[in-house]
Amino acid sequence: MPKINLKRVLLTSLIGYSSLLVLFWVPFNYTTDELKDYHDNYMTIINGNCKSSQYINPWQFYMSFKDLSSEGLAGATHYSDRYVSRRLIWIDSSEWKIYNEDEKISLVFHELTHAYFNYPDLSGYNNRAHFMYEGMNDLNNKFSTYQQLNELTKDLCKSQ
Ligand SMILES: [Zn+2]
């Protein structure tokens, strides 16, 4: 008989039925282990340019892997500010496995910029080398991603 891990079942249902999270006003801040370093590096860059009051500090934050193949996405950010500020980020597990390090940084930073700044996807020919480009960007190396995030957040936070 398979052993049922109740904690895991509960956690899975909680995450699976994310709409139910509306019922839970408890704050949480969870990033899965494999994404922690990317998240930390991102925070270091934005905290160099912004005060913590200049970006969103979600009441509920969650970032982990999920199968997004049916949606054809490499990453997705769900954001809501209706009841409590909530940011749920999913990275497609199979895309992640085939991405190189530069692409991983670009993908995670892209989703985090949606989450922390409500910053939209960029479209158009001129933006196709930008990490906020709506599709996979052309100029995908970590130095350009760091530099672009640095410039973007300097710009977003300078006027306040
Ligand atoms: Zn996007």
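View 1. Four strands form an open sheet in the order S1-S2-S4-S3, and their pairing is mixed. At the edges stand S1 (28–31) and S3, each with a single partner strand, so one side of each has no neighbour in the sheet. From one strand to the next, the twist averages 15°. The model shown here and in the other views is predicted. Strands of a sheet pair through backbone hydrogen bonds, in either a parallel or an antiparallel manner.

**View 2. Strand S4 and its parallel partner S2.** Strand S2 (residues 60–66) and S4 run parallel and are joined by seven bridges. Met 63 has Ile 89 of S4 as its bridge partner. Lys 66 is likewise paired by a bridge with a residue of S4, namely Asp 92.

**View 3. Strand S4 and its antiparallel partner S3.** Strand S3 (residues 75–80) and S4 run antiparallel, with six bridges between them. One of the residues concerned is Tyr 79, whose bridge partner in S4 is Arg 87. The two strands S3 and S4 form a hairpin, in which five residues lie between them.

**View 4. Burial of strand S4.** Of the seven residues of strand S4 (residues 86–92), seven are buried, so the strand is largely enclosed by the rest of the structure. In a regular strand, side chains alternate between the two faces of the sheet. Both faces of S4 are covered: one side carries Arg 86, Leu 88, Trp 90 and Asp 92, the other Arg 87, Ile 89 and Ile 91, and all of these residues are buried. For the protein chain as a whole, 26% of the 160 residues count as buried. Burial here requires 20 or more other C-beta atoms within 10 Å of the residue's own.

**View 5. The protein chain in overview.** The secondary structure comprises five helices and four strands. Along the sequence, these elements follow the pattern α-β-α-β-β-β-α-α-α. Among contacts between residues at least 6 apart in sequence, 67% join residues at least 24 apart.

How values were computed
Residues are numbered from 1 along each chain as its sequence is written. This is a predicted model: local features need pLDDT of at least 70, side-chain atom pairs count only at pLDDT 80 or more; totals for chains, interfaces and linings use all residues. A residue is buried if 20 or more other C-beta atoms lie within 10 Å of its own, exposed if 12 or fewer, and partly exposed in between; C-beta atoms are placed from the backbone. Two strands pair if DSSP finds at least two bridges between them. Axes are lines fitted to C-alpha atoms, for helices over the stretch in contact, and angles run from 0 to 180 degrees between N-to-C directions. Two residues are in contact if their C-beta atoms, placed from the backbone, lie within 7 Å.
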